[in-house]
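Load the model in your viewer and keep the selection panel open. The stops below go from strands to a pocket to the core.

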Amino acid sequence: LATIYHIDKPDDLQAAVEALRAGGLVAFPTETVYGLGALSTDEEAVRAVFRAKGRPAANPLILHIADPADLDRCAASLPPLAQKLVGRFWPGPLTLVVPKADWVPDVVSGGRATVGVRLPDDDIARRLIRAVGTPLVGPSANKSGRPSPTSVRHVLDDLEADIAGVVDGGTTPLGLESTLLDITATPPRVLRLGAVSTDQLEAVIGPVEVAPQAAPAGKLAHYQTRAKVWRLSGQDRAARALTWLQAAPRPAGLMLADETIAGLGPIPADVFVWNMGSLGRPEMAAHRLFEGLRRLDAAGCAAILTESWPRQGLGQALMNHLDLISQPLEEDAP
Ligand code: AMP
Ligand code: MG
């Protein structure tokens, strides 16, 4: 049903561009997760994005551009911090919330006077946007509430019936969404923790306020699996994981670090294990998170156990995600 485009082939690039110009939805890879692309100037196409995702109309979309200079076209005015941030972090996983230019339809911004803008650090994404010649909206290409998509497979699993196609870019390298920074606020506000850490931001622009609860999506469900997810932290993790497993409904899923898995011994056949990599490598765990949630969900897991990473660097955003989807094990039994 949906076409897979390989935009190294000129015909495929042209076909993807034509599908977008005709008001179709084309998912595309970025360095964070796959985006669901549509022409930002086409209100009908933008409405189709909300319908396809099942996304509430008040949860705004962000604009994806191909060159830093396009930020001027998207913003009514630019706060002084903008140039510093663009110079340091673009192209890259930082979305800037700026005053919206008049041409940006209200459906895109969910009726707000601001709009999020991002320049992806992904050659395929930029070539597509450049060839279209208009900023694309690009929310994560998943059904609302599901884990974000990090592969073509994920996009098709959620949206095959709703889209013209998806541009193949393999597995997305970061696997966590962009950091969302509102630079119309003083101090600037981090509305979503993502692949750029608050430490990195503060090194460039000074203190920021971390206020994810102030985001339009702050109260919506995120990254859901059918199974309840529990989270280990502290010492003796392998032993405590084994205790959890004894009482856990089957099939059970483990989404754990190398170090913990190494201490488990033989794994029963009705327990699915997804290795998140080392506790010392939050970037690996971030890269594997959404794939793991989708796989354990597809395997029918009735309960899932994950664990805590140190909240440093990318570990901050990783843990923000794990905080959203899991309950600390200590408070309750599975
Ligand atoms: P996604 O569309 O899945 O990539 O997520 C984009 C996130 O950015 C959502 O959480 C939106 O609520 C948020 N967002 C987009 N535009 C704005 C805006 N103008 N102000 C505040 N948050 C925004
Ligand atoms: Mg999303």
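Two strands pair if DSSP finds at least two bridges between them. Strands (E, at least two residues) and helices (H or I, at least four) are DSSP runs, numbered from the N terminus. This is a predicted model: local features need pLDDT of at least 70, side-chain atom pairs count only at pLDDT 80 or more, and totals for chains, interfaces and linings use all residues. Residues are numbered from 1 along each chain as its sequence is written, chains are lettered from A and ligands numbered from 1 in the order in which they are written, and side-chain values use heavy atoms, with hydrogens and water left out.

**Stop 1: strand 12**

Select 228–232, which is strand 12. Four of its five residues are buried (under 20% relative accessible area, with exposed over 50% and partly exposed in between; 1.4 Å probe, protein chains only). Look for arginine 231 opposite proline 328.

**Stop 2: the second largest pocket**

Helix 12 gives the most, with three residues. The lining includes His222, Tyr223, Lys228, Asp323 and Gln327. By class, it has five nonpolar (Ala, Val, Leu, Ile, Met, Phe, Trp, Tyr, Cys, Pro), two charged (Asp, Glu, Lys, Arg) and five polar residues (the others, Gly among them). The volume is about 170 Å³. A pocket here is an open set of points on a 1 Å grid over the protein atoms alone, where a 1.4 Å probe fits, with protein on both sides within 12 Å along at least five of seven lines; lining residues have an atom within 4 Å of a point. Points are joined across faces, edges and corners, and the volume is the space filled by probe spheres set on them.

**Stop 3**

Show the 11 strands in the order 1-8-2-3-7-4-6-5-9-10-11; they form an open sheet with mixed pairing. Its edges are strand 1 (3–5) and strand 11 (209–210). Zoom to strand 4 (62–64) and strand 6 (114–118), parallel over three bridges. Isoleucine 62 has glycine 116 as its bridge partner.

**Stop 4: the core**

Select Leu85, Trp90, Leu94, Leu96, Leu181 and Leu289. These have the most contacts inside the largest nonpolar core, which has 74 residues. Such a core is a set of buried Ala, Val, Leu, Ile, Met, Phe, Trp, Tyr and Cys residues joined through side-chain atoms within 4.5 Å.
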